[in-house]
Amino acid sequence: MSISREVRQTPSTGWLPLLLWFVALGGVIAWFVAAPPLWKPLGALGMIGLVITLSGFFVVNPNQSRVLVLFGKYQGTVRDEGFFFVNPFMTKTKLSLRAHNLDGTVLKVNDLLGNPIEISAVVVWRVADTARAAFDVEDYVQYVKVQSEAAVRSVASGHPYDDAMHESVATTLRGSTDEVTEELKVFLQQRLEEAGIEVVEARINHLAYAQEIASAMLQRQQAGAIIAARQKIVEGAVGMVEDALNQIQKGGTIQLDDERKATLVGNLLVVLCGQAHAQPVINAGSLYS
């Protein structure tokens, strides 16, 4: 398939042809009034010609363009804003050069480990080559939508949801947002190059486990959080116990053998690491009785 290339064209302004058109209209009207009845059909032909000529006038608004085609042959693209006149038989297809937002639908995809996840992306794009957008694809808006979904599926299936499921992988969907976003943008730009589309921005706007495994994954995340919190508590408790023993021995008023130290350490760790409040117990006997 041949690749189309945009050709810029700047047609003549439409104000002078519009003035001449009104002059010709006045002449045709005068012809109808003054000409003999036998010659009046010529005035009708002139009026038909003026009506056909009207189709040669067109306006290009800011950030808009017109693709010009004459009898099936591409003539060029007008990107300059203003009022213009071209061959009346040219077709003038309007293409917007403004930025478009594509809010992708939520897709259910399997990540690298086969876990079903829900993911969607927002893509900001604009037409960069009007010839490709007009002639190389059937419907460039639908093309962007379909290729965006394919790109999101491809990127999502190449990474795990998070590093807790696959520690050897550095890039994850949840923890490596910048890397995944850049990968999605590059991958999408490669797919949309054929349609003359420029990807301005692409980012993930929804990411979650699928409903059927969300509850199990939430429990796993909660368990991980509890374990991490417990590890922090134990580390702090051990430091506090060490400080307590050092303070007791530093004064020299109380001498503890190894067994009493072990008992004291155990009691302090229970108090510091336990979830419930400690209940005091008075021991009237001896540790060795």
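Author: Start at Val67, which sits in strand β3 (residues 64-70). Helices (H or I, at least four residues) and strands (E, at least two) are DSSP runs, numbered from the N terminus. This is a predicted model, where local features need pLDDT of at least 70 and side-chain atom pairs count only at pLDDT 80 or more, while totals for chains, interfaces and linings use all residues. Residues are numbered from 1 along each chain as its sequence is written, and side-chain values use heavy atoms, with hydrogens and water left out.

Reader: ok, is Val67 buried or exposed?

Author: Val67 has a relative accessible area of 1%, so it is buried. Buried means under 20% relative accessible area, exposed over 50%, and partly exposed in between (1.4 Å probe, protein chains only).

Reader: What does Val67 touch?

Author: Leaving out residues up to four places away in sequence, Val67 touches Tyr74, Gly76, Thr77, Thr91, Lys92, Thr93, Leu95, Thr130, Ala134 and Phe135. Contact means heavy atoms within 4.5 Å. Val78 is 11 residues from Val67 along the chain, and their C-alpha atoms are separated by 6.6 Å.

Reader: Which sheet has β3 in it?

Author: An open sheet of 3 strands, in the order β4-β3-β6, with antiparallel pairing. Two strands pair if DSSP finds at least two bridges between them. β4 and β6 (90-96) are at the edges with a single partner strand each, so one side of each has no neighbour in the sheet. From one strand to the next, the twist averages 25°. Axes here are lines fitted to C-alpha atoms, for helices over the stretch in contact, and angles run from 0 to 180 degrees between N-to-C directions.

Reader: How many bridges between β3 and β6?

Author: 7, and the two strands are antiparallel. As an example, Val69 has Thr91 in β6 as its bridge partner.

Reader: What actually holds strands together in a sheet?

Author: Strands of a sheet pair through backbone hydrogen bonds, either parallel or antiparallel.

Reader: You mentioned β2. Where does β2 go?

Author: Into an open sheet of 3 strands with the order β1-β5-β2, paired antiparallel. β1 (12-13) and β2 (57-60) are the edges, each with a single partner strand, so one side of each is left without a neighbour in the sheet. β2 is joined to β5 (residues 82-85) by 4 bridges, and Val60 stands opposite Gly82 in β5.

Reader: Switching to helices. How do α1 and α2 cross?

Author: The axes of α1 (residues 15-34) and α2 (residues 40-54) come within 9 Å and cross at roughly 160°. The two are therefore roughly antiparallel; angles under 35 degrees count as roughly parallel, over 145 as roughly antiparallel, 65 to 115 as roughly perpendicular and the rest as oblique.

Reader: Which residues make that contact?

Author: Among them are Trp21, Leu25, Val28 and Phe32 of α1, and Leu42, Gly46, Met47 and Leu50 of α2. The residues of this contact divide into 12 nonpolar, 3 polar and 1 charged. Ala, Val, Leu, Ile, Met, Phe, Trp, Tyr, Cys and Pro count as nonpolar, Asp, Glu, Lys and Arg as charged, and the others, Gly among them, as polar.

Reader: And β9, why is that strand called largely enclosed?

Author: Because 10 of the 12 residues of β9 (residues 116-127) are buried.

Reader: What does β9 pair with?

Author: β7 (residues 100-103) pairs with β9 over 4 bridges, antiparallel, and so does β8 (residues 107-110), over 4 bridges. β10 (residues 197-209) is joined to β9 by 11 bridges, also antiparallel. Val124 of β9 is the bridge partner of Asn101 and stands opposite Glu201 in β10. β8 and β9 form a hairpin with 5 residues between them, where Gly114 in the turn has a positive phi of about 90°.

Reader: How many helices and strands in the chain?

Author: 7 helices and 10 strands. Of the 289 residues, 31% count as buried.
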